[in-house]
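Hello,

Here is the structure we talked about, with notes on what turned up in it. Please read the notes with the model open beside them.

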Amino acid sequence: MFNRRQFLGSLGTAAGALTLPPFLAPAEAQNFETLNRQVAHLSPLEAAQNEDFWAFVKTEYTVSPNLLNLNNGGVCPQPRSVQDAHIRFYQYCNEAPSYYMWRILDQGRESLRSKLADLAGCSAEEVAINRNATEGLNTVIFGLDLKPGDEVVLTKQDYPNMINAWKQREKRDGIKLVWINLDLPQENDAYFVDKYVSAFTSRTKVVHVTHMINWIGQTVPVRKIADEAHKRGIEVIADGAHTFALLDFKIPDLGCDYYATSLHKWLGAPFGSGLMYVKKDKISKVWALLSNNEPDGPDIRKFESLGTRSFASEMAIGTAVDFQLSLGAARKQARAHYLQRYWTDKARQIPGVKIHTSPNPNYACAIALVSVEGLKTSEVDGQLYNKFKIHTTSIEWENIKGVRVTPHVYHTPKDLDRLVNGLDEIASASRRKS
């Protein structure tokens, strides 16, 4: 019988050596050696459908057996090993807070920075550790030197916190916001590139691109947009809140100058942990959001002057990286998309049910949006919870309306059959009323 440490270690053989905290308590599990051999030679798509393997992965989560949580797009649960690490570090801090936080755990930030940089595919000197995507993106938005009349291109479908940050700069500094309105879903890179490029002018200084639009799960071709922007001397900010540790990519692949993500989403790190990326030659161009002795300097660490923070949650990020490596990025993405297609393909067959997200893995992954004819979005969301104890989220933003459904790797097809059956019953009742 394999315990948890052996489980992660055996997977890590293929994905890279793991260094796990020695305080993780062993837990009995299935004989994972056989399962690991079964998936080691499989393609990511084949491995995505090996239910024995994913059943074992599910044992690493402490999710409710009764409430079906299909709103992982908001925030993801942490694997048991991450929870254990967080609690252990927290207890460690409380033995003598100022000593253990500042003199012991704070010394682990540089090795954690290197670990995150390796996962992100960039230099450790380009990675700042903070609390979430909003903080990272706000740091860039408010830190760039923009003058009255400078133009920023963004879309009405971007995340509200980012939209509000840009509106604040517009109100305070007199910059001009140029809005794009996207018609989604799309399965054509040219559509997005043309939309953005047509909004560029000689006064455009920055383009803000959301890698995956959270409302509907639409993946946007950031690299192609970035290449066109750079031809015109325009800097690129990428909002990666919903793609880091879900899609199999490295940050430099996007060609962006600035990027931020929330590690408490798909990486499964403790709540309130994030990562900010700034290209090395751009760091001195961004003023630190919070006070620093060299706010316009070239050191990425100037963005980490947060004062007292949760050292315990920060240090436990390392265990979340270990768990991510154990699953494998390509394998995880394939599983997430497989689960999305599993339920959406079935739901498309239900009269009155409409799926608003692309089935194409190049344009979507875990997140999908669904609506039921004759019912308000809030009514569908409410009935899924009240009748079937399925937790989703109601989306009504600009031209996007529906219920957002986001499975995770700990879900099974049987879980999603429960969702499909619920949608079928809700749609049938709506048809009878009409």
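Notes on the structure

Pro185 sits in the loop between strand 4 (176-180) and helix 10 (189-199); helices (H or I, at least four residues) and strands (E, at least two) are DSSP runs, numbered from the N terminus. The peptide bond from Leu184 to Pro185 is cis, and its omega is near 5°. Most peptide bonds are trans, and most residues other than glycine have a negative phi.

Before going on, some background. This is a predicted model, in which local features need pLDDT of at least 70 and side-chain atom pairs count only at pLDDT 80 or more, while totals for chains, interfaces and linings use all residues. Residues are numbered from 1 along each chain as its sequence is written, and side-chain values use heavy atoms, with hydrogens and water left out.

Backbone with positive phi

Lys389 has a phi near 50°, a positive value in a residue other than glycine. Its place is the loop between helix 15 (377-388) and strand 13 (390-391). Lys389 is partly exposed, because its relative accessible area is 36%; buried means under 20% relative accessible area, exposed means over 50%, and partly exposed is in between (1.4 Å probe, protein chains only).

Glu398 is another residue other than glycine with a positive phi, here near 55°. Glu398 lies in the loop between strand 14 (393-397) and strand 15 (400-405). With a relative accessible area of 44%, Glu398 is partly exposed.

A positive phi, near 90°, is also found at Gly328, which follows helix 13. Helix 13 (residues 317-327) is largely enclosed by the rest of the structure, because ten of its eleven residues are buried. Among the buried residues are Ile317, Val321, Asp322, Phe323 and Leu327.

Salt bridges

How many salt bridges does a search of the whole structure find? There are 24, a salt bridge being a side-chain nitrogen of Lys or Arg within 4 Å of a carboxyl oxygen of Asp or Glu. Three of them are described here.

Arg335 forms a salt bridge with Glu51, and the closest N and O atoms are 2.9 Å apart. This pair links distant parts of the chain, with Arg335 in helix 14 (residues 329-347) and Glu51 in helix 4 (residues 51-58), 284 residues apart. Arg335 counts as buried, at 0% relative accessibility, whereas Glu51 counts as partly exposed, at 28%.

Helix 4 also holds Lys58. Lys58 forms a salt bridge with Asp415, with 3.3 Å between the closest N and O atoms. That pair, too, links distant parts of the chain: Asp415 is in helix 16, and the two residues are 357 residues apart. Lys58 counts as partly exposed at 30% relative accessibility, and Asp415 is buried, with a relative accessible area of 16%.

Glu110 forms a salt bridge with Arg113, the closest N and O atoms lying 2.9 Å apart. Glu110 and Arg113 are separated by about one helical turn, because they are three residues apart in helix 7 (residues 109-120). An α-helix has 3.6 residues a turn, so residues three or four places apart point the same way. Glu110 counts as partly exposed, at 35% relative accessibility, and Arg113 as buried, at 1%. Salt bridges that share partners join Glu110, Arg113, Glu125, Asp299, Arg301 and Glu304 into one network.

A buried aspartate

Is Asp239 buried or exposed? Asp239 counts as buried, because its relative accessibility is 4%. Asp239 is in strand 8 (residues 235-239). Leaving aside neighbours within four places in sequence, the residues in contact with Asp239 include Tyr159, His208, His211 and Ala260; contact means heavy atoms within 4.5 Å. Thr261 is 22 residues from Asp239 in sequence, and their C-alpha atoms are 6.8 Å apart.

Positive patch

Lys387, Arg431, Arg432 and Lys433 gather in a patch of positive charge on the surface. Patches are made of residues with over 30% relative accessible area and no salt bridge, with like charges joined within 9 Å and nonpolar side chains (Val, Leu, Ile, Met, Phe, Trp, Tyr) within 5 Å. Lys and Arg count as positive and Asp and Glu as negative; His and the chain ends are not counted. The place of a charge is taken as NZ of Lys, CZ of Arg, CG of Asp or CD of Glu, and accessible areas come from the Shrake-Rupley method with a 1.4 Å probe, with only the protein chains shown counting as cover for residues. Helix 16 (residues 413-433) gives the most to the patch, with three residues. Arg431, in helix 16, is partly exposed, with a relative accessible area of 39%.

Regards
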